[in-house]
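Subject: Handover of a structure, with notes

Dear colleague,

I am passing this structure on to you, and my notes follow below the display. Please read them alongside the coordinates.

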Amino acid sequence: MGGGYATTEELVDAVARRLAAAGRRLTEHRRRVVGALAETPGPRTVAELTDALGDAIPLSSLYRALAVLVEAGVVERLHEHDGVARYELSEVLVGHHHHLVCRRCGRVVDVAAGGDLDAAIDRLARRLGRRRGFRVRGHHIDFVGECERCPR
Ligand SMILES: [Zn+2]
Ligand SMILES: [Zn+2]
């Protein structure tokens with residue numbers, strides 16, 4: 001987990017606080033979904049989450065839990081690269097990172113740039129923003145290519 005929380009309990013506490021701030025409770029289903037997302041870093045499809053959760057949660061409940069978690073800012077729904085939605089814990093929970101997107105198999109992997117590289121990316125983003133009179137406050141970057149499992 002690229003970021004903030006040393007243990008799953010700390011993460012779950014932080015999730016519960018965010019849900020409470022949004023007027024929601026950390027139900028058993030929501031806790032299980034957060035646990036499944038925390039288990040493996042990186043964006044996951046609903047199919048992958050279903051595999052991880054087994055029969056613990058009916059599909060309709062999984063979709064409802066994800067919708068509430070997204071609304072509360074706990075989970076981010078990523079724009080689809082291959083027409084398949086992916087979900088991951090939000091950066092406020094797991095820390096700032098970028099995504100490596102395989103254009104062959106669609107796999108999306110987290111990668112944290114680290115201090116120096118992120119500072120360089122921020123400088124670049126601010127320069128690009130200034131061209132349009134835009135004040136850049138952050139960035140989300142997808143790097144596109146072929147992953148190590150796919151032919152180059
Ligand atoms: Zn990610
Ligand atoms: Zn691939």
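Two strands are taken to pair if DSSP finds at least two bridges between them. Strand S1 and strand S3 (residues 86-89) are joined by two bridges and pair in the antiparallel sense. Please bear in mind throughout that this is a predicted model.

**Overall layout**

The protein has six helices and six strands, and along the sequence these follow the pattern α-α-β-α-α-β-β-α-β-β-α-β. Its C-alpha atoms fill a box of roughly 45 × 40 × 30 Å, taken along the principal axes. Of the 152 residues, 18% count as buried, and among contacts between residues at least 6 apart in sequence, 57% join residues at least 24 apart.

The domain assignment gives domain 1 (1-95) and domain 2 (96-152), and the centres of domain 1 and domain 2, taken over C-alpha atoms, are separated by 22 Å. Where they meet, ten residues of domain 1 are in contact with eight residues of domain 2; the residues on the domain 1 side of this contact divide into three nonpolar, four polar and three charged.

**The sheet of S1, S3 and S2**

The pairing of S1 with S3 belongs to an open sheet of three strands, in the order S1-S3-S2, with antiparallel pairing. Strand S1 (44-45) and strand S2 (75-78) stand at the edges with a single partner strand each, so one side of each is left without a neighbour in the sheet. As a point of reference, Arg 44 stands opposite Tyr 87 in S3. Helix H2 lies across S1, S2 and S3, and runs at about 90° to S3.

**Helices H2 and H3**

Helix H2 (residues 28-39) also packs with helix H3 (residues 46-53), at an angle of about 105° and with the two axes 10 Å apart. Angles of 65 to 115 degrees count as roughly perpendicular, and H2 and H3 are therefore roughly perpendicular to each other. On the H2 side the contact is made by Arg 32, Val 33, Ala 36 and Glu 39, which meet Leu 49, Ala 52 and Leu 53 in H3. The residues of this contact divide into five nonpolar, no polar and two charged.

Ala 52, in helix H3, may be worth a separate look. Is Ala 52 buried, partly exposed or exposed? A residue needs 20 or more other C-beta atoms within 10 Å to count as buried, and 12 or fewer to count as exposed; Ala 52 has 16 C-beta neighbours inside 10 Å, and therefore counts as partly exposed. Leaving aside its neighbours within four places in sequence, Ala 52 is in contact with Ala 36 and Glu 39. Ala 52 and Leu 11, which are 41 residues apart in sequence, lie 19 Å apart in space, C-alpha to C-alpha.

**The sheet of S5, S4 and S6**

A further open sheet of three strands has the order S5-S4-S6, and its pairing is mixed. Strand S5 (108-111) and strand S6 (142-145) stand at the edges, each with a single partner strand, so that one side of each has no neighbour in the sheet. From one strand to the next, the twist averages 25°. Strand S4 (residues 98-102) and S6 run parallel and are joined by four bridges, and His 99 stands opposite Asp 142 in S6.

Terms used
Residues are numbered from 1 along each chain as its sequence is written. Chains are lettered from A and ligands numbered from 1 in the order in which they are written. This is a predicted model: local features need pLDDT of at least 70, side-chain atom pairs count only at pLDDT 80 or more; totals for chains, interfaces and linings use all residues. Axes are lines fitted to C-alpha atoms, for helices over the stretch in contact, and angles run from 0 to 180 degrees between N-to-C directions. Angles under 35 degrees count as roughly parallel, over 145 as roughly antiparallel, 65 to 115 as roughly perpendicular and the rest as oblique. Two residues are in contact if their C-beta atoms, placed from the backbone, lie within 7 Å. Ala, Val, Leu, Ile, Met, Phe, Trp, Tyr, Cys and Pro count as nonpolar, Asp, Glu, Lys and Arg as charged, and the others, Gly among them, as polar. Domain bounds come from an automatic or database domain assignment.
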